[in-house]
Amino acid sequence: MAEIRLTKVEQGQTKIRNVPIAVTPEGFWCCPSPVVFQKTIKAQNPLNKTKPSSPPPKTTVQKKRTPFNERKAPPTPLRSSVVSDDQRNCGSDTPGVSASIVSERTPRPKIESLPRKVAIEFGEPGTSDMKVVLLGKQGFCVKLSVHKNVLVENSSFFADKLSEEESNLSCLEIDDCEDVEIYVETVGLMYCKEMKQRLIKQSVSRVLRILKVAELLSFNTCIQSCLEYLEAVPWIGDEEEEKVVSSVIRLQNEGIGVTPVLKRVSSNVANPPKDTISHIMELVLKSNEEKGRREMKSVVLKLLRENNSLPSYTDSSDICNDTIYSSCRSCLNSLLSLFKQAAEPEFSDKPLDNKEPVVKQIALEADNLSWLLEILADRQAADEFALMWSSQQELAALHSKLPIVSRYHVSCITSRLFVGIGRGELLPSKDTRHLLLQTWLQPLINDYSWLQHGCRSFDRKVVEEGIGRTILTLPLENQRSILLAWLGTFLKAGDNCPNLQRAFEVWWRRTFIRPYTETQGSPQQPDSSMTSRQET
């Protein structure tokens, strides 16, 4: 037990002396847990055994109760009732249980039907001038010996209730308290001068519970202290942040100033999303530190995927796509310039120290394009990228002039496009698909051996399936020309060439086994003249 000392009040006001209260290790006036309530009731029962007419009391509180800090319910209006001294003896100095309460009842009654028990009492009845009785939903109640002037000064709820009644009011009941522990704690805070110090060591979830009760009691000083606490303390995890924001927004809707707290999750500064995303993209794309660059690419990609799943994000998706495509064009221009530089005859004669930065920059720009393509594919906006890449005939012509160790990163971009088309992640036009195969399939075949052995992220089966499916989306005559060209290469290179046998088989069946006619739209029938000759 601890004490809160209040100053003496003169001129007929309540004389307040030391008020003993229960205190948590953190220094809070709190209501004991349900287990303590049960122990208190058991401790009170022996007092009634002195009456011979009363049978031994039976336990009226279930052994297992849901802890208060696990009970969650939306705020409900407080229901209170005012009781005079003639109606209820709330001013007794010693908490106790009347004989009628402990009289014999039917076994295992429902909690809702249990008579209320004073499980515990706070304060010194001799110094108080009012009782507040909290009626919980679990069959017990808590009696607080308090002071009218303290309640009126701190709580508009109590001030209104007391102003509506007669001056000789001695007891006020609050029905259906959902969180009795926090009610007691909040009333106790009305006696604290340094409320902020009481909140410092509390958890965010507990302060939110206090804030909820303070709101119901219109305890404005406590509300302000809770908001100051929430503005300063870290919020751990998305769930906790959502709870804080929802509670604060509820207060905002009621006209309470909560702007400092909400500034953590919202901004009044007009920063267009396009500018912010463009700046982030630029920082990642221009980074030369491998580890930090790799990790931030993964983080940004993950966050953009989360944005894509939000319905409210569709309005700004076009702005983001424009920013990404602007970065794509910049990377393509840089890559073409580097290829031209590396394809010069005198480049191979330069010292290694002069060539290495160009080779690294080629790998960097190709990696940037692969990352941007991945973002666009997730956003279902990569069709334009396929057209841009298919139109890079100059870059494809320079491809064979560079050493394979310098150029193979470019083939990773081509592979990803084929995989995306094969999976239906992007739907470029027929002309774009045909142009893509004409421009970049042969360079990919030239790098295929190196990709299998020198690129850890390369998945041969997935890429081959993507190439085959892309070919099979073309008209039959285009399938024929591309697959016959592939067949000649495959018969010479073997495993150093993509294995497109499955696509070849599909094309074969379409051509020779079940050909379709354009006019009939059904399997082509055998020639009628050949049939009549056989019959004759």
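Let me start with Arg-416, which counts as buried because its relative accessibility is 17%, under the 20% cut-off. This is a predicted model, so keep that in mind throughout.

What does the side chain of Arg-416 meet in a salt bridge? The partner is Glu-374, at 2.9 Å from N to O. The pair links distant parts of the chain, with Arg-416 in helix H16, residues 404–423, and Glu-374 in helix H13, residues 352–378. The two residues are 42 apart. Glu-374 has 22% relative accessibility, so Glu-374 counts as partly exposed.

H13 and H16 pack at an angle of about 10 degrees, and their axes are 8 Å apart. That angle makes H13 roughly parallel to H16, because anything under 35 degrees counts that way.

Which residues meet across this contact? From H13 there are Val-359, Ile-362, Ala-363, Ala-366, Leu-369, Ser-370, Leu-373, Glu-374 and Ala-377. From H16 there are Ser-406, His-409, Val-410, Ile-413, Arg-416 and Leu-417. By type, the residues of the contact divide into 10 nonpolar, three polar and two charged.

Next, a second pair. Asp-495 forms a salt bridge with Arg-460, and here the closest N and O atoms are 3.9 Å apart. Asp-495 lies in the loop between helix H20 (476–493) and helix H21 (501–513), while Arg-460 is in helix H19 (residues 460–472), so the bridge ties together parts that are 35 residues apart in sequence. Is Asp-495 buried or exposed? At 56% relative accessibility, Asp-495 counts as exposed. Arg-460, at 23%, counts as partly exposed.

Back to Arg-416 and Glu-374 for a moment. Salt bridges that share partners join Arg-305, Glu-374, Asp-378, Arg-416, Arg-423 and Glu-425 into one network.

Arg-294 and Glu-290 form a salt bridge, with 3.8 Å between the closest N and O atoms. Both residues lie in helix H11, residues 290–308, and they are four residues apart, about one turn of the helix. Arg-294 counts as partly exposed, with a relative accessibility of 48%. Glu-290 reaches 59% and counts as exposed, since the cut-off for exposed is over 50%.

Technical notes:
Residues are numbered from 1 along each chain as its sequence is written. This is a predicted model: local features need pLDDT of at least 70, side-chain atom pairs count only at pLDDT 80 or more; totals for chains, interfaces and linings use all residues. Side-chain values use heavy atoms; hydrogens and water are left out. A salt bridge is a side-chain nitrogen of Lys or Arg within 4 Å of a carboxyl oxygen of Asp or Glu. Buried means under 20% relative accessible area, exposed over 50%, partly exposed in between (1.4 Å probe, protein chains only). Axes are lines fitted to C-alpha atoms, for helices over the stretch in contact, and angles run from 0 to 180 degrees between N-to-C directions. Angles under 35 degrees count as roughly parallel, over 145 as roughly antiparallel, 65 to 115 as roughly perpendicular and the rest as oblique. Contact means heavy atoms within 4.5 Å. Ala, Val, Leu, Ile, Met, Phe, Trp, Tyr, Cys and Pro count as nonpolar, Asp, Glu, Lys and Arg as charged, and the others, Gly among them, as polar.
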